[in-house]
Amino acid sequence: MTDYRGEQVVIIGLGLTGLSCVDFFRRRGVTPRVMDTRFTPSGLEKLSADVPCHLGSLNEAWLLDATLIVASPGIPLSHPALSAAAAAGIAIVGDIELFARQAQAPVVAITGSNGKSTVTRMVGEMAAGAGWQVGVGGNIGLPALMLLEAPRQLYVLELSSFQLETTHSLKAAAATVLNISEDHMNRYPLGLQQYRAVKLEIYHNAAVCVVNADDALTLPERGHDACCVSFGVECGDYYLSQRAGNTWLMARGEPLLDCAEMTVGGRHNYTNALAALALADAIGLPRAASLAALRQFRGLAHRFELVHDRHGVLWINDSKATNVGSTEAALNGLAVAGTLHLLLGGDGKSADFTPLSPLVQGDRVQLYCFGQDGAQLASLHPDAATLTETLEQAMRIIGTRVRAGDLVLLSPACASLDQFSNFEVRGEVFTRLAWEVG
């Protein structure tokens, strides 16, 4: 374990993760300096009065005086103040790096453009069902450092590309990149390959790499080797198979679970289950406990969640679909008896929306596009697109058009921050309006 006494530590960011970093250092006899670009960050009232704090900007003098900078994932390393600190030889890490240096139990590390929260929860529930003391967090739930405060037999972490940028010491027992599609292109000006390179860092020193057989971008740079286990729709070590008219989860030729026994549906959830099984098997979780957890798994809020069903119309909240790949996953294989009313919009983060085009054609799809990139999304199918300023305006129009057999799907393919504080609030607004207009 690392001894931080004598370090001049500066923490950037005062949300829940920033506060967990402050607590981490205080427990180790170090009082850090803290800064946040916001004047009233959410965690300010919880910060001890004796911790030096700078608000409203980055304090470059503090940064250059530091020996260790702990940067929030929300601050790009390309920021001029951080670039200057790096040029001066000052170490810049994130909370996951601090966690990796301390963790004594095995770690399952999960990233990808979509599905990572679902797979993280699946593996966590598999471990809990087996009676293991498991800590689940990272990019969802509790910050990773807070998981260190109780005895654990296993950690299951969802990791974003932003977190991986500042992580170097992680040695996962099993790691996966579930898929790669355009996301956060405003943060990665060199494009998809730059974004991919950051994601692939999760495999560094991993004992087992779980890769997507249907997505070559998820392979480690060195290619498929003895450390790799694969999952896919029709190929891979773990795959889907049609047996007696039903879809089954398979592992190396062995039927494991009839998907009809699962509470969640859709091909994307079945492939998520395959990835979770591959990770669970890699760390030695009992297979029976893993399958029992999959039977009981109810999905995540705001992830293809049925929130209203009345007069034969289904209203599905997939607000967590904050990128094109997530919306593709929701639309692939979607069967609708009547018309699909699809809500798209928000901040596209400079993504290319054209992969959605073939999925939204035909006379049984109606698009409702709103927010910052609404006009760009409406161009995917102009003859069937309704352009509004807000989600609420779109929902009230949909309420006058839906008929029995129709499906209303919020799967925006965009971040929410142009009009909402987060995707959860966007999903809650959709749910409220579904009950009002449905």
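The domain bounds used here come from an automatic or database domain assignment. On that basis the chain of this predicted model splits into domain 1 (9–93), domain 2 (98–296) and domain 3 (305–437). Between domain 1 and domain 3, the C-alpha centres are 38 Å apart.

**Annotated span**
- An unreviewed UniProt entry carries the annotation "domain: Mur ligase C-terminal" for residues 302–414.
- Residues 302–414 are 21% helix and 27% strand, and the end C-alpha atoms of this span are 14 Å apart.

**Helix α5 with helix α8**
- Helix α5 (residues 116–129) packs against helix α8 (residues 267–282) at about 50 degrees, and their axes are 9 Å apart.
- Because of that angle, α5 is oblique to α8.
- The crossing of α5 past α8 is right-handed.
- On the α5 side the contact consists of T118, V119, M122, V123 and M126, and on the α8 side of N269, N272, A273, A275, A276, L277, L279 and A280.
- Sorted by class, this contact of α5 with α8 holds 10 nonpolar and 3 polar residues, with no charged residues.

**Helix α5 with helix α9**
- Helix α9 (residues 287–296) packs with α5 at an angle of about 125 degrees, with an axis separation of 8 Å.
- The two helices α5 and α9 are therefore oblique to each other.
- Here too the handedness is stated for α5: α5 passes α9 in a right-handed crossing.
- From α5, residues M122, E125, M126 and G129 meet A289, S290, A293 and L294 of α9.
- The α5 contact with α9 comprises 5 nonpolar, 2 polar and 1 charged residues.

Technical notes:
Residues are numbered from 1 along each chain as its sequence is written. This is a predicted model: local features need pLDDT of at least 70, side-chain atom pairs count only at pLDDT 80 or more; totals for chains, interfaces and linings use all residues. Side-chain values use heavy atoms; hydrogens and water are left out. Axes are lines fitted to C-alpha atoms, for helices over the stretch in contact, and angles run from 0 to 180 degrees between N-to-C directions. Helices (H or I, at least four residues) and strands (E, at least two) are DSSP runs, numbered from the N terminus. Angles under 35 degrees count as roughly parallel, over 145 as roughly antiparallel, 65 to 115 as roughly perpendicular and the rest as oblique. A crossing is left-handed if the near helix is turned anticlockwise from the far one by less than a right angle, and right-handed if clockwise. Contact means heavy atoms within 4.5 Å. Ala, Val, Leu, Ile, Met, Phe, Trp, Tyr, Cys and Pro count as nonpolar, Asp, Glu, Lys and Arg as charged, and the others, Gly among them, as polar. UniProt positions are given in the numbering used here, feature names are shortened, and annotations may be inferred rather than shown by experiment.
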